[in-house]
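Hi there,

Here is the structure we talked about, for you to open and explore. My notes follow below it.

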Amino acid sequence: MAQTEIQSQESEPVVEQVAEAEASDAKVSFSADLDGAVGYADNIFATQNSRIDDLVAVIRPRINLSAQDSAYRVAASARGLIGRYEENTSENYEDWELTLDGRLKLSDRATIVGGGSYQWDHENRSSPDDVNGTEPTQFERAYGFAGLLLDTDDLSIRLAATVADLDFDDVPSISGTINNDDRDRVRYELGGRFGYQASPDTQPFLQIAYDERDYSARLDDFGFARSSSGYTATAGIRHRFSPRLSGEIFAGIMEQNFDDPSLENVSTVDFGALLNWSDPRGVSANLRIDRTVEETTLPGSSAYILSTARLSLQAANTARFSAGFGISGSHLDYVGVSRSEFILSSEIWSRFWLSPRIYIGADYDFAERTSNRAGFDFHENRFFLRLGAQTGARKGFAEGQGFNLSSGNAPAGAYGALLLGHSTIVTALDGPRGRDGANTADFGNDGASLSAIGGYGVVSGQFYLGLEVEGTLDGADWQHIASRDFAVSKRHSFGGNARLGIVTPHSDLLYTRFGLRWTKVRTDYSHANSSITISDTMLGPGLGVGMEAGAGRRGFLRAEYGFQSYGDTDIPTGDGGFDNFSSKESQFRVGIGFQTGEQQKTDLPPHNFAGPYIGVQVGHGSLISENSGIRSGGTPIVIDRASGGPLAGLVAGLSARAGRLIFGGELEADISNIDWNIEREPTGRIYSTEHELSFGAAARVGFQLGKAAHVYGRLGFARTRFETDYATQAASVREINWETGLRAGGGIELGIAARTSLRFDYTHTDYGGFDVEIDAASDGFENSENLFRIGVLFRL
C-alpha cells in the first residue's frame, strides 16, 4: 500500500464488514511471518518545499491462529508495524493491532458473525488531519462488529452493527503542546443489505445504514460542536459476467447533520463500484470506487467528502516470483470552506522466493498531492528492499523451479530506441517577502526533448523484467521577469530504469518503470542586491507507465508517461534570506526502437478497431499560464506559472477502416483538479487559476501495426472552463472564463480483449488570452494545457 493512500480511521462500512466475514474460509491453522525492509524516503514530512529525506527500517511481525468445523469458525491475529528512521528519530513509530472474529452457523439459512480489533496507531504526515507536531500523532482505536446473515432461495439479508472508539494523544510542538482531546469520539453504525437473486448471475440489492458520531468534548478547540448523525441509502446490482469476472455498482444519497448550526450539513450523492477479474495464467485485477463523509479538524469546515478509486493488478504465474502494481486516487472536498485536494498514490512491488519459506523483494511508492491552497502540494518517493520469512510453505513451490526465462522472442532481448518527448517542469517557490512576509508560488512551462534508450529484458510466462539506461537532451524551462528576475531550466539528464511488465497475447507490452536520473538543472536569480547562477546535477527518482507495440519482425513503437523528482535549491535573496525552489517534471515520450527478440506469429484473429465505441479515461495533466501585467511603480511582469493534477472523463466515437488505415471522430468530456496558486502574506496578491472541466471533439487518423495495435494522430477543439480567483488588500474577484482552444496530439491503442482496447493518449491545447481586472489594474492570462490519459474503450 502506498504511504499516502487515504484511509478512514472510523469503521469500515457496516454492510461490507458482514460481507467480508461471510466470505472468510480459513482452515484450522497457525501461521507466523516476519517481514523486514530497509528503504529511502525523499519527503518524510510531506512538504512542498524544504523536503527532508531519510533512511528508514520497517519490521512487520504477524501471527495468525484459527479453528473451525462445519458449524463455527474462530480466528485471532496479532500484527505490528515498527519503523525506525536514521536521522529523524522523532518520527519513529510502533503500531500494533489485535483482532478476533468468528462465525456460528445456526442453520443452513442463518449465520451470526462478530468480532473486533484494538489498534495502537499513528497518523501519517500526509494525512489531511496531521497537526504538524514535532512527532506523529498517536491514537488508539477500539472496534467491534456483530451481524446476522440470512439466506433463502431468492433473498439474502445482511444485518450488522459496529462501534469504533478513537482516542488521540496530545502532541508536542515547538510552541507548546497541541491538544487532541477534542478529536476523541465514538462512532456507532447500524445497517443492512437486502438482495434478490434475479438470476444465477445477477442480484439487485438495497443498502441502508445509520451512523452517529459522538465527540467526548462538547466543543473543539475552535469552538465547534462536531457531534453528528447521518445515514446512507443506496441501490445497486451485483453481477457475475463470467467465471473470471464479477462486480457490483451502486448509487444513492448520504447525509450528515451536525449539532453545531454554524457547521454546514452534508447532503450529497453516494456511489461505489467493485470489479474483480482473474485469469487462470496467474493474473488478477481489482477495481474499487467508494465515497464517504470523513471528520476534519479544519476550522469552519464540518467534514470532507472523500471519493476514492483504486486499481490493483498482480501476477504470480510462477511459484518463485510474484509482482504487482497499484494506483489510487483520493479527492477531498471540504464542506463549508473553499478547499479541495487530490492525492494520487501508486506502487510497484515484487517478491522472489529463495526457498519455500523465505523471500526477498523490492517496493517503489510514489505519491502526489495537489491542492487549491498555496503551499499544500507535495510529492514523495519511497524505495524499499525487503526480506521475509513465513512458517507456511509457498504454495506450488518446488526446489530448483526457475523462471523459464526467454530472451529470443519479442519483447525480450536487447533493444534500443529514440524517443521524442514533451515535458512540463513545475517549480514551487517558498521564501520571504519583505521583512516579515512570506511568498508561496507555483511556476512552470513546457518544452521538447530527445532521448536515447538502450536495455535488455527477459520474459517468463506473461512477466517481463528489464533494465535500461537512457540519456536525454534539452527539456522545459520557465522564467519570472519582474522586480526580481529568475528562471529554472532543465539541460540534460542520464540514468537507469527497472521495468516490470505484462506481455499481451499478441506479444505487445504493458509496463511500469522506476529508476534514478542525474539531471542538470540551472537556476538564474537576479535582484538589486543579488545576482547568482546555480547549475546543479540533481539525483532523483522517477516513475512511469508505458506500452510497446510490435512493428514488423524486430521493430516496436513505444509510448510512455512519467514523473521525475528533483532536489531542492536554496537561493540567497541578497537581504539575508533564501528562496527555496522545489521542482518536478512530467513527461510524455513516443518513438521507435529495434529489438533482438523476434515478433512471434500467432493464430489469434486481428483486433477490430472499427465501429462505434465508448470508454472511460483517467490521467494527469498540467496547466500552464503566461501571466502579464503592471505592478506598483510601473514595473511590468511576464511570468510563467504552472502546476499539475489528475483528471477523469468519458469518450465516445466512431471509427472506420480502409486496409490498415483507420480514421474517425470522437467526443470527450473531462473533469480535473489542476490549478496553480500564489500567496503573498501578510500583504500582497493572492491568486490562482484552475482548469475545472472540458468538452472536446476531434478527428483521428491512424495506422494498424500488427494484429492488435493502432497508432494515431488527432486534431480538434476543446471548450474548457477556467476559474481565476484574484485578491489584493483592497478588493477581490472570482472570474469564470470558458475558453476554446485547438487541441492536437496522438497515441497508441492496444487490443486487450475481443471488444476492449487500452490506449495512451497525449494532447496539447492552446487557448486564447483573457484579462482579470481588479483595483484599477488588470492582469492578463494565456493558458495552455498538456493532458495524458489512459483510456479503456469498449466497442459496441
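Let me begin with a term you will need: a residue is called buried if its relative accessible area is under 20%, exposed if over 50%, and partly exposed in between, using a 1.4 Å probe and protein chains only. By that rule S50, with a relative accessible area of 44%, is partly exposed. Two notes on how to read the rest. This is a predicted model, so local features need pLDDT of at least 70 and side-chain atom pairs count only at pLDDT 80 or more, while totals for chains, interfaces and linings use all residues. Residues are numbered from 1 along each chain as its sequence is written, and side-chain values use heavy atoms, with hydrogens and water left out.

**Confidence**

The predictor's confidence in each residue is the pLDDT, on a scale from 0 to 100. Its average over the chain is 89, and 95% of the residues score at least 70. Helices (H or I, at least four residues) and strands (E, at least two) are DSSP runs, numbered from the N terminus.

**Loops to look at**

S50 sits in the loop between β1 (29-41) and β2 (54-68). Its phi is near 50 degrees, a positive value in a residue other than glycine. N132, in the loop between β5 (110-122) and β6 (138-151), is not a glycine either, and has a positive phi of about 60 degrees. Is N132 buried or exposed? At 63% relative accessibility, N132 counts as exposed. Another loop, between β20 (378-390) and β21 (413-433), holds P411. A cis peptide bond joins A410 and P411, with omega about 10 degrees.

**Strand β32 and its partners**

Two strands pair if DSSP finds at least two bridges between them. Strand β32 (residues 661-681) pairs with strand β22 (residues 437-460) in the antiparallel sense over four bridges, and A441 stands opposite I678 there. Strand β31 (residues 635-658) runs antiparallel to β32, joined by 12 bridges; A656 has F663 as its bridge partner. The hairpin of β31 and β32 has two residues between the strands, and G659 in this hairpin takes a positive phi near 70 degrees. How many bridges join β32 to strand β33 (residues 686-705)? There are 17, and these strands also run antiparallel, with I671 opposite L693.

**Aromatic rings**

Rings of Phe, Tyr and Trp (its six-membered ring) pair if their centres lie within 6.5 Å; planes under 30 degrees apart count as stacked, over 60 as edge-to-face and the rest as tilted. The whole structure has 30 aromatic pairs. Y143 and F145 are a stacked pair, because their ring centres are 6.3 Å apart and their planes stand at 25 degrees. W478 and F486 are edge-to-face, at 6.0 Å centre to centre and 90 degrees between the planes. Both Y143 and F145 are buried, and so are W478 and F486. Ring pairs also link F366, Y561, F563, F588, F760, Y762 and F788 into a cluster.

A charge sits over a ring if NZ of Lys or CZ of Arg is within 6 Å of the ring centre and within 35 degrees of the ring normal. R499 lies over the face of Y511, 4.5 Å from the ring centre, and R700 over that of Y712, at 4.3 Å.

Happy exploring!
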